[in-house]
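I opened this model to look up its strands, its rings and the contact of its chains. My notes follow.

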There are 2 protein chains.
Amino acid sequence: MRGIAYLLVAVVVLSGVVYIAHASGRSDEQAAPMFGIKIPPGYRDWKLISVAHEEGNLNDLRAVLGNDVAIKASREEKLPFPDGTIIARLAWSYVPSEENNKVFGRSQSFVAGAATNVQFMVKDSRKYAATGGWGFAQFKDGKPADEALLKTCFPCHEPVKARDFVFTHYAP
Amino acid sequence: MRGIAYLLVAVVVLSGVVYIAHASGRSDEQAAPMFGIKIPPGYRDWKLISVAHEEGNLNDLRAVLGNDVAIKASREEKLPFPDGTIIARLAWSYVPSEENNKVFGRSQSFVAGAATNVQFMVKDSRKYAATGGWGFAQFKDGKPADEALLKTCFPCHEPVKARDFVFTHYAP
């Protein structure tokens, strides 16, 4: 009996350790309000869909990555994107590269500076039926954007309804 | 004995088929002269190191991808890059997006157009000892660049010798 008691104590203590480890590792996993989307684990390892540059207030360089479902659909140019698609838009400040310009002998090179924010579109045609089947999220330094900002996502994507609300084309 | 003779004939015929299939499938795999580098299979699936924009004659948007060895070294900021590193630089023409600009209500959005060319840096400190341990390649529509062009690669990368001849920094 004493053996079983020790075992139970060990299980309880270990559960506590696992819980604490899980909780302390969650800083980057807070759910964005409204759509309730968390940062998808490993998204920085996803394959590239395309790149872009936005001038104006955004003034960034961006990369659009996709999980395997997104990449397959993008390459096959199949619309609508199937449930399970997740598209990640990473962006960094648009910074002239003195180092590169010195080599080129002219001011022509712009590179990725600090990360600005990361956005996700998650396809779930039932859960997000009210917004074209897409849930939207934005995180800055791991912190989710507020509801007011997330409410602006879908109206902005509506003009590209014919492309299932996705702006980015796959870059071959 | 007749059985063995048939077997030998079969082996010879099949070898021929395999050889022809191999030769006819090589159009995209032609080695670039000078460094003898072929297009690494599956490079379009590699993980993203960073993005950039070059103005001037290049006028492109670019993505720098890396094989697993390259990504690991980039993230750990370990120099020099180990043998086996391959870095791929993809580039597309820099195209204003009418579609995006309409949504933004101003001319600010630039996206990837047609692919221009793809370049590779392959680390092999013994094989390419004369050029800092790096072999260089460029392909346009699957065709390798000529020797004259490849001779310009290393001199251009020499100013960043302190970073093991690699311009691109990893974008977090």
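Buried here means under 20% relative accessible area, with over 50% exposed and partly exposed in between (1.4 Å probe, protein chains only). This is a predicted model, so I kept its limits in mind: local features need pLDDT of at least 70, side-chain atom pairs count only at pLDDT 80 or more, and totals for chains, interfaces and linings use all residues. Residues are numbered from 1 along each chain as its sequence is written, chains are lettered from A in the order in which they are written, and side-chain values use heavy atoms, with hydrogens and water left out.

I checked the whole strand next.

Which strands pair with strand 2 of chain A? Strand 1 (residues 47-54) runs antiparallel to strand 2, joined by seven bridges. Strand 3 (residues 86-96) also pairs with strand 2 in the antiparallel sense, over seven bridges. Pairing takes at least two DSSP bridges between two strands.

I noted two facing positions. A:Lys47 is opposite A:Gly66, and A:Ala63 is opposite A:Leu90. The hairpin of strands 1 and 2 has five residues between the strands, and A:Gly56 there takes a positive phi near 70°.

**Rings**

I found 16 aromatic pairs over all chains. Rings of Phe, Tyr and Trp (its six-membered ring) pair if their centres lie within 6.5 Å; planes under 30 degrees apart are stacked, over 60 edge-to-face, the rest tilted.

I looked up A:Phe120 and A:Phe139: an edge-to-face pair, 6.0 Å centre to centre, with 65° between the planes. A:Phe120 sits in strand 4 (residues 109-123) and A:Phe139 in strand 5 (residues 134-140), 19 residues apart. A:Phe120 is at 1% relative accessibility, so I logged it as buried. A:Phe139 is buried too, at 1%.

The second pair is A:Phe154 with A:Phe165. Their centres are 5.2 Å apart and their planes at 50°, so this pair is tilted. A:Phe154 lies in helix 5 (residues 153-157) and A:Phe165 in the segment after helix 5, so the pair ties together parts eleven residues apart in sequence. A:Phe154 is buried at 13%, and A:Phe165 at 7%. Both belong to a cluster of ring pairs that also takes in A:Phe35, A:Tyr128 and A:Phe136.

**Core**

The largest nonpolar core has 80 residues. Such a core is a set of buried Ala, Val, Leu, Ile, Met, Phe, Trp, Tyr and Cys residues joined through side-chain atoms within 4.5 Å. Among those with the most contacts inside it are A:Leu48, A:Ile87 and A:Phe120. Beyond four places in sequence, A:Phe120 is in contact (heavy atoms within 4.5 Å) with residues including A:Ile39, A:Tyr43, A:Ile87 and A:Phe136.

**Chain A against chain B**

I counted 42 residues from each chain in the contact. The area buried between them is about 3,400 Å², with 53% from carbon and sulfur atoms. That is the accessible area (1.4 Å probe) that the two parts lose on being put together, summed over both. In chain B, B:Arg44, B:Leu48 and B:Val51 lose the most area to chain A, together 18% of what that side buries.

How values were computed. Helix = DSSP H or I, 4+ residues; strand = E, 2+ residues; numbered from the N terminus.
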